[in-house]
Amino acid sequence: MKPEFKRILLALVIPLFLVFIFYMIKILETGMEWDFTRLGVYPLQKRGVFGIFAHPLVHGSFRHLFANTLPFIFLSWCLFYFYRDISPVIFICIWILCGFITFFIGKPGWHIGASGIIYGLAFFLFFSGILRKHIPLIAISLLITFLYGGLVWNMFPFFAKVTTSWEGHLSGAIAGTLMAVAFKNYGPQRPDPFADEEEEEEDTPEEDESATESKEEENDKENCSAFII
């Protein structure tokens, strides 16, 4: 297996595993006629604190889950592939920070679903590519804009549906943006265009010195041979 293909597959492991958990929870909830809604975030209520950590695992319906599946897999894969060294920290921070902000700004009611993480990942990938000024990452930023630019409208109450947690979407966007700024100096960076020239300049004196030394040795040999003759 080629290393690059192996890296692509490894970047899919965590996203696919989490999606598997999402579906298992929804199937169990439906099959057992349980209601996991109370695992969500309930703003400014003690009963909603646990939801800061658990709310992305629960979805209101299979339709809700289906709508989140592909964006979650794709955006998570982009994070774990292009930012593999810092991706676990970024992912966990977005997950928790999204729930934390929703806890403080959300309207009364249970906020559930992985949409906040999707927004967090989209905004992180967009702003991180712009801030790093690295061409491959900027290309990802443009791709995110093309595919998910319409997500922006669901962050505001006058565009979102009544049953939509626009607060969760906005919280995810804030979390992703904060992570892009906080970690801009970590992970992949734009290569220094003058690095090769500096290396050549560093190598040149050594070459000159070695050349000078060889010339001096030759002169010494000539002097010695002249002396002997």
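How much accessible surface does the chain have, and what percentage of it belongs to carbon and sulfur atoms? The accessible surface comes to about 14,100 Å², and 66% of that belongs to carbon and sulfur atoms (Shrake-Rupley method, 1.4 Å probe; for residues, only the protein chains shown count as cover). This is a predicted model, where local features need pLDDT of at least 70, side-chain atom pairs count only at pLDDT 80 or more, and totals for chains, interfaces and linings use all residues. Residues are numbered from 1 along each chain as its sequence is written, and side-chain values use heavy atoms, with hydrogens and water left out.

**Overall fold**
- The chain has eight helices and zero strands (DSSP runs numbered from the N terminus: H or I of at least four residues for helices, E of at least two for strands).
- Of its 229 residues, 38% count as buried (under 20% relative accessible area; exposed is over 50%, partly exposed in between, with a 1.4 Å probe and protein chains only).
- Take the contacts (heavy atoms within 4.5 Å) with a separation of 6 or more: 78% of them link residues 24 or more positions apart.

**Around Ile27**
- Isoleucine 27 sits in helix H1, residues 3-31.
- At a relative accessible area of 44%, isoleucine 27 is partly exposed.

**Around Pro157**
- You'll find proline 157 in the loop between helix H6 (135-148) and helix H7 (166-182).
- Proline 157 is partly exposed too, with a relative accessible area of 40%.
- Its C-alpha lies 8.2 Å from that of glutamate 167, ten residues away in sequence.
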